[in-house]
Amino acid sequence: MSSSEEIPAAKPELFNVTRTPSSDRTMDLGLAEDHFSRPVGSFVASDIEQLKLAIEECKKLILELPEHSERQKDTVVKLIHLRLKLQELKDPEEDEPNLRILLEHRFSKEKSKSVKQTCDKCSTIIWGLIQTWYTCTGCYYRCHSKCMNLITKPCVRSKVSHQSEYELSICPEIGLDRQDYRCAECRAPVSLRGVPSEARQCDYTGQYYCSTCHWNDTAVIPARVIHNWEFEPRKVCRSSMRYLALMIPRPVLKLKEINPLLFNFVEELVEIRKLRQDILLMKPYFITCKEAMEARLLLQLQDRQHFVENDDMYSLQDLIDISTGRLSCSLTEIHTTFAKHIKLDCERCQAKGFVCELCKEGDILFPFDSHTSVCHDCSAVFHRDCYYDNSTTCPRCARLTERKQDDIPDEKEA
């Protein structure tokens, strides 16, 4: 907004901030939709005082709503955006503000002038030397400054934050007739004959888009990976491309529930599952070992934090890396490092090993050794052959049961 332009007068009747019961305040503040995210030319609450009033009302509403409720979380997000809009309007010296908020995008003005980019709105080249342009810090949507008022696509990152799950049906097409022969996103007329505009199908959503919303970008489709173990990139629309790019590191796929048969046909998955199970058995040694904590051994998995939390959740990136063999190599190396610390380098960790109570022979055993078995009740470790050949109960369980029985008479006497 140039310094010579006047800020449009606020219309209180459109930006309702009337003091009504808390159940209605969200709608009164215009916070249920993207009221605060309208383009500058039509932003009816551009008056700074009106924004301040809306912020105060929003703060009151947050205190009144149930703690940790979805409505309270959404209202906090709206409050942040209102404050950012207020900050933008308080900067009268900038011809183009450094930060702009639209449809939950957080646009930052770009400094680079030499990089050639394409505007996501008008699909033309951004000439950085002579044109001002912005990039959303959340979903990396890029556009000319002049195109900002025309944007209709909300930020994909907000969808990732509120809906962290994939479409798990393969290309769930509904047909152009169900879309009224219009682009699924911008609603421009499309048809398979290319008149008036070519209809391009997104392999992720199954819907059809115009050439402005679908640039023939390609991406690995989660549903095809899980059901077919297929990693060939398919054509997707721009919004799906951004959504999949933001979702790819998130561990949201529970394979044993979605497609448990996959483990019967993909040997690499079985190998990775075993390595992950071993790492979870090693974790208790590290969190009680001073040397391991100082060496920060577990941070070797900081890019895959879920590997030290569970053994059944996978990200799409995990599955891609499994298919290429990259994950198997890196995880095997980490597994070897962890085992070396426990069994060879650290005396404290060695002291937490087990002696097989069934044969009382052999080396010190650990639950992650490939030739051992662990009692499900007391976690004692035995040689696998001894454990399965033994027809009696676990010696440690029997000993613990005997102790409990000896304690019962003492309690009665007391």
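Where does Asp180 sit? Asp180 is found in the loop between H4 and S7, and its phi is positive, at about 60°, although Asp180 is not a glycine. Bear in mind that this is a predicted model.

**The open sheet**

- Four strands make up an open sheet in the order S1-S2-S5-S6, and the pairing is antiparallel.
- Strand S1 (99–102) and strand S6 (142–144) are the edges, each pairing on one side only.
- On average, neighbouring strands of this sheet are turned by 30° against each other, ignoring direction.
- Strands of a sheet pair through backbone hydrogen bonds, and that can happen in a parallel or an antiparallel way.

**The S1–S2 hairpin**

- S1 and strand S2 (residues 105–109) run antiparallel and are joined by 4 bridges.
- The two strands form a hairpin with 2 residues between them.
- Leu103, in the turn, has a positive phi of about 45°.
- Across the pair, Arg100 stands opposite Phe107 in S2, while Ile101 stands opposite Arg106 in S2.
- In a regular strand, side chains alternate between the two faces of the sheet.
- In S1, Leu99 and Ile101 point one way and Arg100 and Leu102 the other way, and all are buried.

- Is His144 buried or exposed? His144 counts as buried because its relative accessibility is 2%, and the cut-off for buried is under 20%.
- A polar atom of the His144 side chain lies 3.2 Å from the backbone oxygen of Ile125.
- Setting aside residues up to four places away in sequence, His144 touches Cys119, Cys122, Thr124, Ile125, Ile126, Gln131, Thr132 and Trp133.

**Phe354, in a loop**

- Phe354 lies in the loop between helix H13 (347–350) and strand S13 (372–374).
- Phe354 counts as partly exposed because its relative accessibility is 23%.
- Phe366 is 12 residues from Phe354 along the chain, and their C-alpha atoms are separated by 6.3 Å.
- Beyond neighbours within four places in sequence, the contacts of Phe354 include Tyr285, Asp363, Ile364 and Leu365.
- Ser379, Ala380, Val381 and Arg396 are also among the contacts of Phe354.

**The largest pocket**

- Rolling a probe the size of a water molecule over the atoms shows where empty space is left.
- The largest pocket has a volume of about 340 Å³.
- It is lined by 20 residues, and the closest to its centre are Pro154, Val156, Lys159, Glu185 and Ser239.
- Helix H4 (156–162) and helix H6 (238–247) each supply at least two residues of that lining.
- Which helix gives the most to the lining? H6 does, with 5 residues.

**Backbone spots to look at**

- Most residues other than glycine have a negative phi, and most peptide bonds are trans.
- Ser123 has a positive phi near 65° and is not a glycine.
- You'll find Ser123 in the loop between strand S3 (117–118) and strand S4 (125–126).
- Ser123 is partly exposed, with a relative accessible area of 32%.
- Between Val195 and Pro196 the peptide bond is cis, with omega near 0°.
- Pro196 lies in the loop between H4 and strand S7 (200–201), and Asp180 is in the loop between H4 and S7 too.

Terms used:
Residues numbered from 1 in each chain as written. Predicted model: local features only at pLDDT ≥ 70, side-chain atom pairs only at ≥ 80, totals over all residues. Heavy atoms only, no water. Pairing = 2+ DSSP bridges. Axes fitted to C-alpha atoms, helices over the stretch in contact; angles between N-to-C directions. Buried < 20%, exposed > 50% of the residue type's maximum accessible area, 1.4 Å probe, protein only. Polar contact = N/O pair within 3.5 Å; in protein donor to acceptor, adjacent residues only side chain to side chain. Contact = heavy atoms within 4.5 Å. 1 Å grid on protein atoms, 1.4 Å probe; cavity = no way out; pocket = protein on both sides within 12 Å on 5 of 7 lines; lining within 4 Å. Points joined across faces, edges and corners; volume = space filled by probe spheres on them.
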